[in-house]
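This report walks through one protein model, from its sheet to its side chains. Please keep the sequence and the 3D view open while reading.

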Amino acid sequence: IKINYHPKLKHTHNNPVVKIVDTMGRQVAEQKVKDIETNFDMSSFAPGIYVVSIVTDKQVITRRIQKI
């Protein structure tokens, strides 16, 4: 089973980076964003809660997601 997370941005002018952190605070993924839509394959992640942060030069957008 392939599980993807698809964060969408309005634009990529501010050098965005997507970071995923587990509940223990360990960063489990990081990817520079080159387009307004980015895919993450989360099939290898353990079930649980993850914090997804989209970091740009001007802001940080944070969302919690759950993998069952």
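Strands (E, at least two residues) and helices (H or I, at least four) are DSSP runs, numbered from the N terminus. Ser-53, for example, lies in strand 5.

The model is predicted, so local features need pLDDT of at least 70 and side-chain atom pairs count only at pLDDT 80 or more, while totals for chains, interfaces and linings use all residues. Residues are numbered from 1 along each chain as its sequence is written, and side-chain values use heavy atoms, with hydrogens and water left out.

**The sheet**

Two strands pair if DSSP finds at least two bridges between them. An open sheet of four strands has the order 3-2-5-6, with antiparallel pairing. Strand 3 and strand 6 (60-67) stand at the edges. Each has a single partner strand, so one side of each is left without a neighbour in the sheet. Neighbouring strands are turned by 20° against each other on average, direction ignored. That angle is taken between axes, which are lines fitted to C-alpha atoms (for helices over the stretch in contact); angles run from 0 to 180 degrees between N-to-C directions.

| Strand pair | Sense | Bridges |
|---|---|---|
| Strand 2 and strand 3 | antiparallel | five bridges |
| Strand 2 and strand 5 | antiparallel | six bridges |
| Strand 5 and strand 6 | antiparallel | eight bridges |

Strand 3 covers residues 27-32. Its hairpin with strand 2 has four residues between the strands. There, Gly-25 takes a positive phi near 90°. Val-17 stands opposite Lys-32 in strand 3. Ile-20 has a bridge partner on either strand: Ala-29 in strand 3 and Val-52 in strand 5. Further along the sheet, Tyr-50 has Ile-65 in strand 6 as its bridge partner. A hairpin of four residues joins strand 5 to strand 6.

**The core**

A nonpolar core is a set of buried Ala, Val, Leu, Ile, Met, Phe, Trp, Tyr and Cys residues joined through side-chain atoms within 4.5 Å. Buried means under 20% relative accessible area, exposed over 50%, and partly exposed in between (1.4 Å probe, protein chains only).

Which residues make up the largest nonpolar core? The eleven are Val-18, Ile-20, Ala-29, Val-33, Phe-40, Met-42, Phe-45, Tyr-50, Val-52, Ile-54 and Ile-65. Strand 5 gives the most, with three. In soluble globular proteins, nonpolar side chains tend to be buried together.

Two of the core residues also form an aromatic pair: Phe-45 and Tyr-50. Rings of Phe, Tyr and Trp (its six-membered ring) pair if their centres lie within 6.5 Å; planes under 30 degrees apart count as stacked, over 60 as edge-to-face and the rest as tilted. A search of the whole structure finds one such pair. Phe-45 and Tyr-50 are tilted, at 5.3 Å centre to centre and 45° between the planes. Phe-45 is buried at 13% relative accessible area. Tyr-50 is buried too, at 6%.

Is Ser-53 buried or exposed? Ser-53 is buried, with a relative accessible area of 15%. Contact means heavy atoms within 4.5 Å. Leaving out residues up to four places away in sequence, Ser-53 touches Val-17, Val-18, Lys-19, Val-60, Ile-61 and Thr-62.

Ile-49 is also in strand 5. At 28% relative accessibility, Ile-49 is partly exposed. The C-alpha atoms of Ile-49 and Ile-68 are 8.7 Å apart, across 19 residues of sequence.

**A salt bridge and a loop**

A salt bridge is a side-chain nitrogen of Lys or Arg within 4 Å of a carboxyl oxygen of Asp or Glu. The structure holds one. It links the side chains of Arg-26 and Asp-22, at 2.9 Å from N to O. Arg-26 is exposed at 51% relative accessible area, whereas Asp-22 is buried at 13%.

Thr-38 sits in the loop between strand 3 and strand 4 (40-41). Thr-38 is buried, with a relative accessible area of 5%. Its C-alpha atom is 8.7 Å from that of Val-18, 20 residues away along the chain.
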